[in-house]
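Subject: Structure handover

Hello,

Here is the structure for you to look over.

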Amino acid sequence: MSGLLAGKRLLVTGVITEASIAFSVAKLAQENGAQVVLTGYGRLSLVERIAKRLPEPAPVIEVDVTNDEHLAGLADRVREHVDGLDGVVHSIGFAPQSCLGGGFLDAPWADVATALQVSTFSYKSLAMAALPLMSPGGAVVGLTFDATKAWPVYDWMGVAKAGLESASRYLALHLGKQGIRSNLVAAGPLRTIAAKSIPGFDQFEDAWTERAPLGWNLTDSEPAARACLALLSDWFPATTGEIVHVDGGYHAIGA
Ligand SMILES: NC(=O)c1ccc[n+]([C@@H]2O[C@H](COP(=O)([O-])OP(=O)(O)OC[C@H]3O[C@@H](n4cnc5c(N)ncnc54)[C@H](O)[C@@H]3O)[C@@H](O)[C@H]2O)c1
């Protein structure tokens with residue numbers, strides 16, 4: 001087996017369509033020598049159908065990151081397919097409609113709590129659920145949307161991402177002793193189901209299309225996936241708590 005991830009065993013969450021960033025990660029990882037186990041949420045038969053479109057059909061385990069039983073059983077379910085994990089990809093985000101599209105001042109706590117549990121706290125929950133399978137050299141990688149700024153329409157999801165970015169640094173701190181890294185990829189806007197659920201998402205699309213120094217393809221998640229692969233690989237052995245921007249350079253320029 002050859003490739004950047006030759007022989008690595010990965011758990012990839014977040015596939016729901018072929019446009020999912022996680023689908024690109026899983027596809028590219030297999031093409032680069034990795035063995036992939038997917039997790040699916042909600043519409044499991046749909047995820048299983050999508051999993052068959054990968055170069056190697058991948059097994060799918062049901063995981064709702066808000067379900068303690070799913071998390072408690074995760075390691076055993078994964079062990080049915082692989083004998084350990086070298087990497088975990090967190091590609092999960094959700095916020096109720098009230099939290100997005102300009103609703104920042106009115107969203108109720110119950111909705112904000114859901115957004116934070118699914119999009120922020122789950123980064124730690126998933127990593128801990130997978131930890132019994134991991135060993136030194138392992139990596140956890142997640143997806144963020146640059147949370148250093150307040151964006152129009154992103155609202156509580158922006159707060160959730162700021163929390164995710166912090167949570168990744170704390171995971172790096174607490175798992176560093178075990179030789180496990182935690183890093184995020186800050187992707188530019190991509191037309192996925194999650195993105196389409198944000199009212200006014202086209203504002204991001206226009207901004208990136210007009211201003212990203214390298215240009216930006218709204219339907220190509222491969223650049224973000226490539227960065228995930230790099231962070232999962234052995235080529236960032238001393239990097240943790242980091243955020244790599246894959247946004248055509250948008251974060252680096254003034255408005
Ligand atoms: N699309 C973008 O513009 C963009 C940009 C930067 C970062 N991101 C981030 O990338 C990640 C993946 O999103 P995507 O854009 O590929 O969209 P997507 O809709 O394809 O993926 C989101 C995934 O989250 C999963 N999910 C939601 N609630 C869950 C739960 N309770 N338990 C387990 N899984 C759950 C969904 O099933 C889905 O697979 C998210 O963290 C998102 O915020 C997306």
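Predicted model: local features only at pLDDT ≥ 70, side-chain atom pairs only at ≥ 80, totals over all residues.

Residues are numbered from 1 along each chain as its sequence is written, and side-chain values use heavy atoms, with hydrogens and water left out.

Strands

Start with strand S4, residues 85-90. Helices (H or I, at least four residues) and strands (E, at least two) are DSSP runs, numbered from the N terminus. Six of the six residues of S4 are buried, so the rest of the structure largely encloses this strand. Buried means under 20% relative accessible area, exposed over 50% and partly exposed in between, with a 1.4 Å probe and protein chains only.

S4 has parallel partners. Strand S1 (residues 9-12) runs parallel to S4 and is joined to it by three bridges. Two strands pair if DSSP finds at least two bridges between them. Leu-10 has Gly-87 in S4 as its bridge partner. Strand S5 (residues 134-144) also pairs with S4 in the parallel sense, over five bridges. There, Leu-85 is bridged to Met-134 of S5.

Aromatic rings

The count is 12 aromatic pairs. Rings of Phe, Tyr and Trp (its six-membered ring) pair if their centres lie within 6.5 Å; planes under 30 degrees apart count as stacked, over 60 as edge-to-face and the rest as tilted. Phe-145 and Phe-204 are an edge-to-face pair, 5.0 Å centre to centre with 65° between the planes. Phe-145 sits in the loop between S5 and helix H5 (155-175) and Phe-204 in helix H7 (residues 202-211), so the pair ties together parts 59 residues apart in sequence. Phe-145 is buried at 8% relative accessibility; Phe-204 is buried at 4%. Phe-204 also pairs edge-to-face with Phe-201, at 5.6 Å centre to centre and 70° between the planes. Phe-201 is buried too, at 10%. One aromatic cluster takes in Phe-145, Trp-151, Tyr-154, Phe-201, Phe-204, Trp-208 and Tyr-250.

Cavity and pocket

Both were found on a 1 Å grid over the protein atoms alone: a cavity is a set of points where a 1.4 Å probe fits but cannot get out, a pocket is an open set with protein on both sides within 12 Å along at least five of seven lines, and lining residues have an atom within 4 Å of a point. Grid points are joined across faces, edges and corners, and a volume is the space filled by probe spheres set on the points.

There is one cavity of 30 Å³ or more. The largest cavity has a volume of about 40 Å³. Its lining includes Phe-145, Trp-151 and Trp-208.

The largest pocket has a volume of about 1,100 Å³. Of its 40 lining residues, the closest to the centre are Ser-91, Ile-92, Gly-93, Phe-94 and Ala-194. Helix H6 gives the largest share of the lining, three residues.

Best wishes
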